[in-house]
Amino acid sequence: MSRPTILTVDDDPQVSAAITRDLASQYGAEYRIVRASSGPEALDVLRALNLRGEPIALIAADQRMPQMTGIEMLKQARVYADGAKQLLLTAYADTDVAINAINDIGLDYYLLKPWDPPEEQLYPIIDDLLDDWRKAHPDHTSDVRVIGHRWSDRSHEIKMFLARNHVPYRWYDVERDAEGERLRTLAKAAPEDLPLVLVPDCETLQSPSTLSLAAALGLHTNAHQPLYDLCIVGGGPAGLAAAVYGASEGLSTVIVEREAPGGQAGMSSAIENYLGFPKGLSGSDLAHRAIAQVSRFGAEMVLARDVVGFETRGPARAVLFDGSGEIESRALVVATGVSYRRLEVTGLAELTGRGVYYGTTVGEANQCEGDVVYVIGAANSAGQAALNLSQFAKQVVLVVRAGTLTQTMSSYLIARITSAPNVVVRYHSTVVAVHGAGHLEALTLADTETGTTEQVGSSWLFIFIGASPRTDWLGPDVVRDENGFLATGQDLLQVDSTRWSLTRPPFTLETSVPGVFAAGDVRLNSMKRVASAVGEGAMSVYLVHRYLATI
Ligand SMILES: Cc1cc2nc3c(=O)[nH]c(=O)nc-3n(C[C@H](O)[C@H](O)[C@H](O)COP(=O)(O)OP(=O)(O)OC[C@H]3O[C@@H](n4cnc5c(N)ncnc54)[C@H](O)[C@@H]3O)c2cc1C
């Protein structure tokens, strides 16, 4: 495959030469840097590249050009270079125009001229944009391949695991892809051995457990040391933030995650309210950046391990893994968030993973191409999912029990949903049964006002009906409220003051067991947002330092 192209567009010869030179010196080895001196010329270049099937990674265009503005050009460029990152070069006076372009044309970034020194003002931005582009356009030559049935729940789980751990893979449906059937025959696998996972330089894996898949992929599934200063359970925003702060402040730090770093946020298609990302960012992008930061500071990450037990051993706090293995630490941060609440409906358990899903990933969204999709839920997570799915589905029906969304969903999402031509909101409705032989084929909807029911055909149902913490593994010493949320600080004293054993009061995020802290959604009375989870993760490390100073 040819090198991806970076196109610069500027009518000013000096600016054009400067941006082209700076980009060529930094990215010339991996990317072809092409230069155009006007909008129409740039569109001709893009048209030709597109015809030849050559990838276009980034377009950097000046806003002020005589024949066509940068924004006009970038808007038209989508036809030939959909997915290419778009950067606008602007003067300070055009800042408002550039900010509007983030909403209007999906501009990725604007850069004020001049950008000296490029090491500080240009390269970090371009690195980020190219990193995102590469993630969306992985080099498929060394791919992992998954062969299975479209409606198999294990295939679905494996695909989710790979996608959420940022492992590029190719999917073959044995019933639809001749190549899938060929690979199955080559591997001498019986239908009941599916799904198969082919990992380069590894034996064929037949319906592997998450742990064995993680090991085959070279993911780190065991801790290196017997004792750490800080162990964090849960790799969502709170846990990742705690790991970054812990490791960067000199604590030997390990973080344990059972599914994929990123947590619930990793499932979000667009987090638009996280400070510093005016265009919003996907949960997967946030997770990817956080993982890089965690590794850069030297925290250890143990993946695909489910923590199922907790013990206090004198000054040490121990967490026990499902199967075998454990970690001891001097302090523990529990950042296990919440998990989707299950819907109790006739037929649902059998079809979960076979057309019925809790949450979505981008990978699932594009599989719904051309289909009618149902989403249950009235909160932001359901709204985001409906909009994400609407990019691929013929129609998305949002099933809402109440008569309005205003109490439960942010107004910016309601506005987008009501203006999306292929999203329909079905108020006063619930799903009362699902039907299908082997995979979802139809659902029964009930009108909560009239009691009437209707059966509709669909192969896709995504459920977002709230979430609850799973904290049973912490045992009786760690105080929780009746829903399982961990009581910390003042809340702990209010829930049950008799359970705090020391003369000093508990630190703000400290649970009833000294040295065990809770951060993020798992904590009683937490705010249930990415920013607050990150803030609590960071704050927990400050409190860990204070705790360690007391022992
Ligand atoms: C679809 C969706 C969209 C959202 N959009 C937004 C948004 O736009 N803006 C916003 O501010 N918030 C949003 N949220 C909410 C936000 O994602 C959460 O508030 C945030 O992720 C909470 O972070 P956390 O680290 O506390 O927990 P979580 O994100 O829930 O992470 C907890 C992690 O712990 C792991 N874990 C749990 N138990 C164990 C165990 N026993 N052993 C090992 N690992 C374990 C889980 O696998 C998970 O990865 C959204 C949520 C969803 C579901």
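Two strands count as paired if DSSP finds at least two bridges between them, and strands here are DSSP runs of E with at least two residues, while helices are runs of H or I with at least four, both numbered from the N terminus. This is a predicted model, in which local features need pLDDT of at least 70 and side-chain atom pairs count only at pLDDT 80 or more, while totals for chains, interfaces and linings use all residues. Residues are numbered from 1 along each chain as its sequence is written, and side-chain values use heavy atoms, with hydrogens and water left out.

**Strands and sheet**

With that in hand, let's look at strand β6 (residues 144–148), which runs parallel to β7 and is joined to it by 5 bridges. Within this pair, G148 sits opposite D173 of β7. Both strands belong to an open, mixed sheet of 4 strands, ordered β7-β6-β8-β9. Its edges are β7 (169–173) and β9 (205–206), each pairing on one side only.

Another parallel pair is β3 (residues 56–62) with β4, again linked by 5 bridges; here I59 faces Q86 in β4. How many residues of strand β4 (residues 85–90) are buried? The count is 6 of the 6, so β4 is largely enclosed by the rest of the structure. Buried means under 20% relative accessible area, exposed over 50%, and partly exposed in between, using a 1.4 Å probe and protein chains only. In a regular strand, side chains alternate between the two faces of the sheet. For β4, K85, L87 and L89 lie on one side and Q86, L88 and T90 on the other, and all are buried.

**Around the ligand**

The ligand is surrounded by 35 residues, each with a heavy atom within 4 Å. The closest are E257, Q264, Q384, D521 and V530. By class, this shell holds 15 nonpolar, 12 polar and 8 charged residues. Four elements, α10 (237–248), β11 (253–257), α14 (380–390) and α17 (530–548), each supply at least two of its residues.

| Residue (polar side-chain atom) | Ligand atom | Distance |
|---|---|---|
| Q264 | oxygen | 2.8 Å |
| N273 | nitrogen | 2.9 Å |
| D306 | nitrogen | 3.3 Å |

Taken alone, the ligand exposes 1000 Å², of which the protein buries 95%; these areas come from the Shrake-Rupley method with a 1.4 Å probe.

**Cysteines**

Searching the whole structure gives 0 disulfides, meaning pairs of cysteine sulfur atoms within 2.5 Å. C231 counts as buried because its relative accessibility is 0%, whereas C202, at 35%, is partly exposed.

Terms used. Polar contact = N/O pair within 3.5 Å; in protein donor to acceptor, adjacent residues only side chain to side chain. Nonpolar A, V, L, I, M, F, W, Y, C, P; charged D, E, K, R; others polar.
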